[in-house]
Amino acid sequence: MHSLLIAFCQWVENTWLARSILESSWAFPYVQLTHFTGLSLWVGTNVYLDLRLMGVGKTRQTAAQLSEELFVWNWIGLCVAITGGFLLFSISAMTYVNNAAFRTKLGILIPLGIVLHILVQHKARSWGRTDKVPTIGRIAGLCEFLVWLSVITAAVLIPYFSADPS
């Protein structure tokens with residue numbers, strides 16, 4: 001592993017904030033709650049738009065209208081999720097960077113999901129002007145949905161992938 005990354009992880013683990021969370025009997029659950037709340041907003045609003053693009057659910061609004069309505073909540077969710085996630089990472093950074101599921105989640109799936117979401121969110125304005133979403137929009141919604149399902153799967157697998165094979 002790159003020495004700069006190791007130095008960063010060691011530094012993060014030794015910050016007053018990481019130490020405070022780790023040493024507190026109540027802080028960790030609130031940090032975890034913050035992360036999960038942000039994830040619920042981010043992934044929930046993404047999935048809602050993806051399902052609308054795929055033609056699943058109620059059609060009271062076009063996909064373009066739904067994308068516009070959820071836009072602010074969607075990005076607030078991402079900011080909250082990143083904040084909570086970084087705080088969780090900070091208390092055990094070295095363990096996380098050595099974890100294959102975490103590296104897959106953070107290094108591949110989340111960047112892919114964010115880029116795909118930006119594209120879907122942007123294109124939903126033109127794809128979703130009517131109740132009939134074009135095939136490319138349905139496929140893009142399905143792809144984004146599957147990427148976020150993969151992110152969740154990788155997150156759930158983190159405890160099962162330890163750096164120490166014993």
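Reply: Happy to. Let us begin with a term: a residue is buried when its relative accessible area is under 20%, exposed when that area is over 50%, and partly exposed in between, using a 1.4 Å probe and protein chains only. This is a predicted model, where local features need pLDDT of at least 70 and side-chain atom pairs count only at pLDDT 80 or more, while totals for chains, interfaces and linings use all residues. Residues are numbered from 1 along each chain as its sequence is written, and side-chain values use heavy atoms, leaving out hydrogens and water.

Now the setting. The protein chain has seven helices and zero strands, counted as DSSP runs numbered from the N terminus (helices H or I, at least four residues; strands E, at least two). Of its 166 residues, 38% count as buried.

The part I would pick is helix H7, residues 135–157. H7 has 23 residues and reaches 33 Å from its first C-alpha to its last, close to the 33 Å expected; that expected span is 1.5 Å times one less than the number of residues. The buried residues of H7 are Gly137, Ala140, Gly141, Glu144, Val147, Trp148, Val151 and Ala154. An α-helix has 3.6 residues a turn, so residues three or four places apart point the same way.

What covers these buried residues includes H3 and H6. Val120 shows such packing in detail: leaving aside residues up to four places away in sequence, Val120 touches Leu49, Asp50, Leu53, Trp127, Ala140 and Glu144, where contact means heavy atoms within 4.5 Å.

Ala140 and Val147 also belong to the largest nonpolar core, which has twelve residues in all. Such a core is a set of buried Ala, Val, Leu, Ile, Met, Phe, Trp, Tyr and Cys residues joined through side-chain atoms within 4.5 Å. Helices H3, H4, H6 and H7 each supply at least two of its residues, and H6 gives the largest share, four residues. A second, separate core of nine residues includes Val47, Trp148, Val151 and Ala154.

Rings of Phe, Tyr and Trp (its six-membered ring) pair if their centres lie within 6.5 Å; planes under 30 degrees apart count as stacked, over 60 as edge-to-face and the rest as tilted. The structure holds nine aromatic pairs.
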